[in-house]
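Please keep the sequence and the three-dimensional view open while reading.

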Amino acid sequence: MSTTTAAPSAAERPAPGPRRLRTGLRSLLDAAVTPLSVDDLLDHFAPLRPGAAVGLQGRIVSVASETDDAATIVVKPGRDWQGHIPGQYVRVGVDVDGVRLWRTYSLTHGPRRDGHISITVKAIPGGAVSQHLVRTARPGQMLQLAQAEGDFVLTPPQAGNRQKLLLVTAGSGITPVIGMLRNLYSRNDAEARAAYDIVLVHSAMKRDEVIFGAELRAHAEAGRLRLIERHTDTDGLLTTDDLENEVPDLAERTAYACGPAGLLDTLEAYYGERRLTLHTERFRPTVVDVDAAGGTLTFAGSSAASVETDGSVPILDAAESAGVLMPSGCRMGICMGCVLPMKSGAVRDLRNGDLTVAVPGETHPDGVKIQTCISAAAGDCTFDH
Amino acid sequence: MTTITNKAQNPTAHLSPEDVEALGAELDAIRQSVLEARGEKDAAYIRRMVDLQRKLELGSRAVLLVSAFPPAWVLGTAGLSVAKILENMEIGHNVMHGQWDWMRDPKIHSSTWEWDNASTAEGWKHSHNEVHHTYTNIVGKDNDLGYGIMRVDEEQRWYPMYLAQPLWNFINACFFEYGIAAYDLELGKNLAKPKDKRPESFKKAAKATLRKIRKQATKDYVINPALAAPTGSFLPALAANFTANVIRNLWSHSVIMCGHFPEGVETFELKSIPEKETRGEWYLRQMLGSANISGSKLMHIMTGNLSHQIEHHLFPDLPSSRYAEVAPQVRAIFEKYGLNYHSAPLPQQVGSAWHRVVRLSFPNGWLATTNAKNLPTQLKMLYALATADRRTRRVIQLRLEREARKIEAAKAA
């Protein structure tokens with residue numbers, strides 16, 4: 001018996017000379033600027049380059065208003081942007097009054113030739129980020145970005161098989177759908193018409209509050225889709241009966257829905273009963289209770305513990321008396337030795353009653369760092385610890 | 001200085017417990033007003049400061065690549081010194097205090113910042129933020145008072161070795177970053193223990209500190225000089241880095257001495273601190289235990305706004321750029337409650353702090369009673385204090401203190 005050992009293929013061989021030289025040079029330069037890295041310094045000159053130390057960012061190219069309280073923000077993403085499929089969303093970190101807040105928005109332009117991406121934002125009354133983006137964001141400002149996510153996307157066209165679709169949207173729920181439509185019809189109009197048979201049912205408060213109203217109506221006039229507009233001020237809220245009446249072949253159509261939770265719940269129940277296919281996109285998956293005093297503290301990291309507490313005890317004390325090993329320091333809010341990342345939940349500063357909230361998908365992916373020694377639970381909280 | 005509870009006139013004697021809590025509430029109100037006002041402008045300030053500092057450091061290091069050329073050496077060394085001072089004082093110290101945590105920017109956050117200094121961020125946050133800021137000026141508890149190697153209070157017993165303390169203080173100033181690293185580690189206390197009795201936490205921290213020191217030294221004394229070698233500037237660049245580090249050390253040591261050392265700043269006895277100190281009592285201790293440096297805006301920035309030491313100790317987590325604005329309100333509270341707001345220009349505060357170091361290097365009352373004429377007898381007395389038996393020492397000591405009191409009374413009259 002004999003064994004033969006295959007010579008390592010080219011790909012398995014150690015890194016060739018130039019690459020090793022590059023990494024060697026890189027670690028030399030990093031050592032020359034420690035405790036920073038070369039990337040930290042390059043960020044000050046070229047924040048959009050690949051491998052930026054601050055992570056993926058984008059620069060606002062333009063802010064164009066769609067309606068009185070909605071605007072489309074076109075962004076040049078950093079070189080590490082991996083692209084997206086129309087219908088997907090992106091998490092955006094925006095500095096509002098100096099504080100970085102994260103929100104999720106659907107991408108409203110399909111992959112563009114100039115590489116720019118866009119989000120369309122409706123200013124919600126009292127919404128810190130949406131008001132900021134619509135009213136005060138200006139070209140040149142930077143945004144933090146995460147990679148595109150989400151599976152609210154169309155199935156790719158199949159040859160000889162025209163897909164029948166029903167798109168149901170309400171309010172700013174139109175945003176992922178406009179991304180899909182723009183992508184379809186901006187490339188090859190004839191090909192898109194042959195591939196998809198689309199009915200779009202869109203509900204909005206008033207006719208002039210329809211985001212992308214003119215664009216949608218133009219698609220309908222050109223015969224690219226059948227548009228059914230409903231305005232709640234005159235027609236009332238959209239019901240499943242309305243849908244059945246307006247779309248007789250509803251059962252034959254693959255459905256996509258995006259809008260407020262009430263609408264999506266109704267549709268899911270309706271489609272569930274009939275065992276029909278429905279894809280939904282929810283903008284606010286988690287609602288954090290911020291009025292509660294106390295709650296359950298969950299330590300989701302290596303501590304793996306959960307502790308009941310009331311609203312008057314610092315989280316640090318509550319966790320320690322339950323036997324959780326906690327980082328701590330001055331115990332009076334000045335040394336930052338007790339800071340832990342809160343992934344979700346709400347806490348109240350015991351010194352002045354200020355509320356800090358972490359909502360998955362809305363705040364930073366790693367959570368919001370809070371001082372456990374001066375914060376009490378204002379609802380259930382989850383920590384990475 | 002004598003701890004306030006051992007003074008003939010306790011400067012807080014006129015305040016009732018209600019006064020102290022009312023004073024605390026007024027300071028809380030100032031803090032709250034800044035929390036409500038801070039926003040985009042503050043964020044822009046610290047980002048601009050970080051940007052400026054990094055470009056200044058990068059530019060200075062570039063100039064030092066040709067530092068064999070003397071004007072380049074001077075320019076690069078000056079720039080690098082300023083950059084290191086800004087990094088440590090206005091940026092590093094304040095970021096590690098969590099003054100900018102509210103921005104939720106992971107790059108400018110107390111939990112992620114590492115600074116251009118021999119001590120590790122981790123060690124510094126413990127010894128400085130936690131110990132010094134919580135137990136400010138409590139003799140025996142606050143290591144910043146003399147770093148455990150100096151006599152900073154009349155109540156500490158005098159030994160002959162303290163005669164050398166002005167010299168130690170100067171050497172500590174030149175190599176301050178290593179001094180800080182050493183007392184972050186409580187090096188003296190831990191090295192005194194047998195090797196196998198030293199706590200695990202110390203061994204870990206010591207390893208991290210040695211690693212940090214190696215990286216810092218490699219940067220300043222190997223790699224940057226080596227990069228300058230092609231222009232024949234290896235040695236000049238090395239000297240420039242060394243000089244910049246010493247200048248930064250001397251400067252930060254001076255600023256820190258001004259914060260708690262000048263004559264007239266109060267110290268506290270551990271046993272006089274209540275088991276559960278109220279917020280008002282804690283505020284009061286910070287007010288009496290700190291001193292400000294008056295001066296220009298540039299001076300404030302170069303000290304990392306530690307020139308507003310009083311405001312910093314009252315509100316260690318407020319953005320440093322806001323201290324100047326709240327200082328008049330804080331001062332008004334001092335006046336309202338009849339307390340001494342200790343503020344003077346830099347040379348005066350440095351002089352005062354050094355005076356205290358020198359004065360306390362001698363037995364109590366010795367320096368005050370010494371003049372050119374009686375120097376020989378005074379020296380004899382000093383020799384006796386160092387060598388004579390206990391009884392003689394006590395007699396001499398009492399005589400010195402009596403004389404000193406007489407001189408003080410004559411001055412006052």
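In chain A of this predicted model, six strands make up an open sheet whose order is β4-β3-β6-β1-β2-β5, and their pairing is antiparallel. The edges of this sheet are taken by β4 and β5 (117-122) of chain A, and because each of these has a single partner strand, one side of each is left without a neighbour in the sheet. Neighbouring strands are turned against each other by 40° on average, with direction ignored. Within this sheet, β3(A) is joined by two bridges to strand β6 (residues 142-145) of chain A, and the two run antiparallel; in β6(A), L145(A) is the bridge partner of V92(A).

Helix α3 (residues 128-136) of chain A touches β2 (70-77), β3, β4 and β5 of chain A, and its direction makes about 85° with that of β3(A). Helix α4 (residues 174-187) of chain A touches β3, β4 and β5 of chain A, with its direction at about 55° to that of β4(A).

Chain A also holds an open sheet of five strands, which follow the order β9-β8-β7-β10-β11 and pair in the parallel sense. Here β9 (226-231) and β11 (278-281) of chain A stand at the edges, and since each has a single partner strand, one side of each is left without a neighbour in the sheet. From one strand to the next, the twist averages 15°. Inside the sheet, strand β7 (residues 163-170) of chain A and strand β10 (residues 254-258) of chain A pair in the parallel sense over five bridges, and L165(A) stands opposite T254(A) in β10(A).

Helix α6 (residues 213-221) of chain A lies across β8 (196-204) and β9 of chain A and runs at about 140° to β9(A), whereas helix α9 (residues 261-273) of chain A lies across β7, β10 and β11 of chain A and runs at about 165° to β11(A). The angles for the four helices are collected below.

| Helix of chain A | Reference strand | Angle |
|---|---|---|
| α3 (residues 128-136) | β3(A) | about 85° |
| α4 (residues 174-187) | β4(A) | about 55° |
| α6 (residues 213-221) | β9(A) | about 140° |
| α9 (residues 261-273) | β11(A) | about 165° |

Why does H219(A) count as buried? This residue lies in helix α6 of chain A, and it is classed as buried because 21 other C-beta atoms lie within 10 Å, where 20 or more are required. Leaving aside residues up to four places away in sequence, H219(A) touches L181(A), Y185(A), R224(A), L225(A) and L227(A). By contrast, H219(A) and L325(A), which are 106 residues apart in sequence, are 61 Å apart in space from C-alpha to C-alpha.

Taken as a whole, chain A has ten helices and 18 strands, and its C-alpha trace spans about 70 × 65 × 60 Å along its principal axes. Of its 385 residues, 37% count as buried. Among the contacts in chain A with a separation of 6 or more, 67% are accounted for by residues 24 or more positions apart.

The domain assignment of chain A gives domain 1 (20-54), domain 2 (57-145), domain 3 (163-281) and domain 4 (295-383). The C-alpha centres of domain 2 and domain 4 of chain A lie 31 Å apart, and six residues of domain 2 of chain A are in contact with four residues of domain 4 of chain A. On the domain 2 side of this contact, β3 (89-96) and β4 of chain A each supply at least two residues, and the largest share, four residues, comes from β4(A). By class, that side has one nonpolar, two polar and three charged residues.

Between the chains, 25 residues of chain A are in contact with 38 residues of chain B. On the side of chain A that touches chain B, α1 (17-32), β4 (99-106) and β16 (368-371) of chain A each supply at least two residues, and α1(A) gives the most, with three residues. This side of chain A comprises 14 nonpolar, seven polar and four charged residues. Chain B is itself divided into domain 1 (4-336) and domain 2 (364-412), and the centres of these two domains of chain B, taken over C-alpha atoms, are separated by 36 Å.

Technical notes
Residues numbered from 1 in each chain as written. Chains lettered and ligands numbered in written order. Predicted model: local features only at pLDDT ≥ 70, side-chain atom pairs only at ≥ 80, totals over all residues. Contact = placed C-beta atoms within 7 Å. Nonpolar A, V, L, I, M, F, W, Y, C, P; charged D, E, K, R; others polar. Domains from an automatic or database assignment. Pairing = 2+ DSSP bridges. Axes fitted to C-alpha atoms, helices over the stretch in contact; angles between N-to-C directions. Buried ≥ 20, exposed ≤ 12 C-beta atoms within 10 Å, placed from the backbone.
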